[in-house]
Amino acid sequence: MEVILFDNVKGLGRQGDLVKVSEGYFRNFLKPKNLAEEATPAARQRYDKMKKKAIELAAAQVAEARELEAKLKGIEFVVNAKAGSGEKLFGAVTNADVAKAMENQGFAVDKKQIDTPEPIKTVGLHKAHVKIHSEVTAEVTVKVVRAEK
């Protein structure tokens with residue numbers, strides 16, 4: 001029998017695949033866990049509509065992420081940090097510090113989305129990467145300044 005998978009099933013297929021399985025496997029495993037539906041013409045039409053909506057939603061999310069990437073370009077995010085007599089910091093600037101600096105300027109970004117190529121341990125300009133979407137990554141400038149005592 002042919003079924004449409006609603007979720008990835010190890011050893012069988014990925015979400016949206018049309019696969020052939022035995023009736024017992026469908027009746028006893030796939031159907032009770034809502035992992036698949038019998039591939040009737042009506043089910044195929046419903047799935048095609050759901051897939052079309054998902055594609056449109058994904059395209060909208062990518063477009064929104066690209067807009068945010070364009071807004072982030074050219075903006076310096078200032079982080080205050082304690083430093084010694086030279087340029088070296090007492091500690092390092094973390095992703096959470098960068099996220100807070102971005103939030104102060106109106107950009108809501110989670111610290112898990114931020115990646116710095118190397119630890120920020122000096123005063124000055126540094127680059128950081130913000131993963132906005134799985135397909136969109138923005139490069140931002142982080143300006144580390146000596147905190148006032």
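Biologist: What makes a residue of this protein count as buried, and what share of the 149 residues is buried?

Modeller: A residue is called buried when its relative accessible area is under 20%. In this predicted model, 31% of the 149 residues fall in that group.

Biologist: And which residues of helix 2 are buried?

Modeller: Ala-43, Tyr-47, Val-62, Ala-65 and Leu-72 are. What they pack against includes strand 1 (2-5), helix 3 (95-104) and strand 9 (136-146).

Biologist: How do you know what span to expect for helix 2?

Modeller: Take 1.5 Å times one less than the number of residues. Helix 2 (residues 41-72) has 32 residues, so the expected span is 46 Å. The helix reaches 47 Å from its first C-alpha to its last, which is close to that. After helix 2 comes Gly-74, with a positive phi near 85 degrees.

Biologist: What else is there besides that helix?

Modeller: The protein has three helices and nine strands. Along the sequence they follow the pattern β-β-α-β-α-β-β-α-β-β-β-β.

Biologist: Why is the protein called more spread out than a compact globule?

Modeller: For 149 residues the globule rule gives 15 Å, but the radius of gyration is 24 Å, well over that, so the protein is more spread out than a compact globule. Its C-alpha atoms fill a box of roughly 75 × 30 × 20 Å along the principal axes.

Conventions: Residues are numbered from 1 along each chain as its sequence is written. This is a predicted model: local features need pLDDT of at least 70, side-chain atom pairs count only at pLDDT 80 or more; totals for chains, interfaces and linings use all residues. Side-chain values use heavy atoms; hydrogens and water are left out. Helices (H or I, at least four residues) and strands (E, at least two) are DSSP runs, numbered from the N terminus. The radius of gyration is taken over C-alpha atoms; the globule rule is 2.2 Å times the number of residues to the power 0.38. Buried means under 20% relative accessible area, exposed over 50%, partly exposed in between (1.4 Å probe, protein chains only). Contact means heavy atoms within 4.5 Å.
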